[in-house]
Amino acid sequence: MENFKKKSLLELRQMRLAELEQYHKDLRKYEYENGIPLTGIQFRQAIHKPLLELIKLDRLISGEELYIIGDKREKTNKPVIYAATHIGGNDIQRIFEAINDHAYLFLGDPKETYIDATGILLDLNGVIRLETDDKVDRAIGYNRAVELIKKGGSLLIFPEGAWNIIENLLVLKLYNGTVRMANETEVDIIPIAIEQYANRFFVNVGKNIPYDPKKSGDIIAMNDLLRDTLATLKWDIWERIGDSTRASITKDEITKFRESIVARCGYGYTIEDVYKTMYHDKKVTSPEVAYPIAPEVSFHLLEGDFEEAKRLFNEIEARKRAIASINVKNTETSNQLITSDVPLSRVRKL
């Protein structure tokens, strides 16, 4: 990008969010193509403790509680990849507090973090931003993460790629970038499950999944192992902490569950954004596509609850549009020739 020009802080403050997103995407590409290295890792490791105190203070002000129900990780003299489940809201802050270790955040679709206080704190901590719908930007983000780990920095990543808003699914299908990074850098993956009940967060940290050169060639098997491990950790939370019974769940509980996830986030995300960023297996037909009228819509129609049926129908149609837009983008990307040289409070232990 020979024509790229860096802007002053004043110029950046005058830009709209969409312009900032494009500018920072171009900046990442410019720096990568010109061999500008990732710097400041040791500095960020040095200021980790003061930032962690700010995170704790934020939790106290928010009236949230953090419970660590298990921590089976093993010490290692190498950096690690923390791979966590994703529930939205303040889960990033609570995970940082639970692991009590410095790690850069791998953040897709940063949105308002370019302009708000959260973004400043993330920059101080260390963050690798990327736009998930841009193939080149994803490749740069991946390579920057590998660079970070090889330089001695740890990484916090959410392999689901989106908040899990599926109420009866422990863990979404995972993108394979996490295990690919671990193989390329020969480091351990530390699985983490997190769940939230009202203002209480529960974190379960599992045993290290060590790098194994004998298994490194089977990415699918490794990804399945990571997902199974995360699901087991999440199930342990549900089994020990879950405080609901089937009889206590109302018919609009699912809607409230999803709306509460979006409401807890200050990044400008919507339910449609969540569906767009989820992993979509081309071999699996989603219920939204398989059923002309979804079973839950039919149920409410039969019950005579037409308002709820209409609301669910509109939500599912929005989900279909999100999935369709992903398929269109994938098709367009596959038909284009990419000319870039970028390679593709209280913390209690229970």
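## Helix α4

Helix α4 spans residues 48–62, and its 15 residues reach 21 Å from first to last C-alpha, close to the 21 Å expected at 1.5 Å a residue. The expected span is 1.5 Å times one less than the number of residues. Helices (H or I, at least four residues) and strands (E, at least two) are DSSP runs numbered from the N terminus. The model is a predicted one, in which local features need pLDDT of at least 70 and side-chain atom pairs count only at pLDDT 80 or more, while totals for chains, interfaces and linings use all residues. Residues are numbered from 1 along each chain as its sequence is written, and side-chain values use heavy atoms, with hydrogens and water left out.

His48, Leu51, Leu52, Ile55 and Arg59 of α4 are buried. Seen down the axis of α4, the buried residues fall within an arc of 105°, so they line one face of the helix; the arc is that of the directions from the helix axis to the C-beta atoms. Lys49 and Ile61, on the other side of α4, are exposed. Buried means under 20% relative accessible area and exposed over 50%, with partly exposed in between (1.4 Å probe, protein chains only). Just after α4, Gly63 has a positive phi of about 70°.

Most residues other than glycine have a negative phi. Asp109 is not a glycine, yet its phi is positive, at about 50°. Asp109 sits in the loop between β3 (104–108) and α6 (117–125) and is buried, with a relative accessible area of 10%.

Ala198, also not a glycine, has a positive phi of about 55°. Its loop runs between β6 (189–197) and β7 (200–205). Ala198 is exposed, with a relative accessible area of 68%.

## Chain and cores

The protein chain has 14 helices and 8 strands. Of its 350 residues, 46% count as buried.

The largest nonpolar core has 28 residues, and those with the most contacts inside it are Phe106, Leu155, Met181 and Leu226. Such a core is a set of buried Ala, Val, Leu, Ile, Met, Phe, Trp, Tyr and Cys residues joined through side-chain atoms within 4.5 Å. Elements that give two or more residues to this core include β3, α7 (135–150) and α9 (219–241); α7 gives the most, with 5 residues.

Leu226 touches residues including Ala83, Leu174, Val179 and Ile209, not counting residues up to four places away in sequence; contact means heavy atoms within 4.5 Å. A second, separate core of 26 residues includes Leu66, Tyr82, Phe158 and Ile190.
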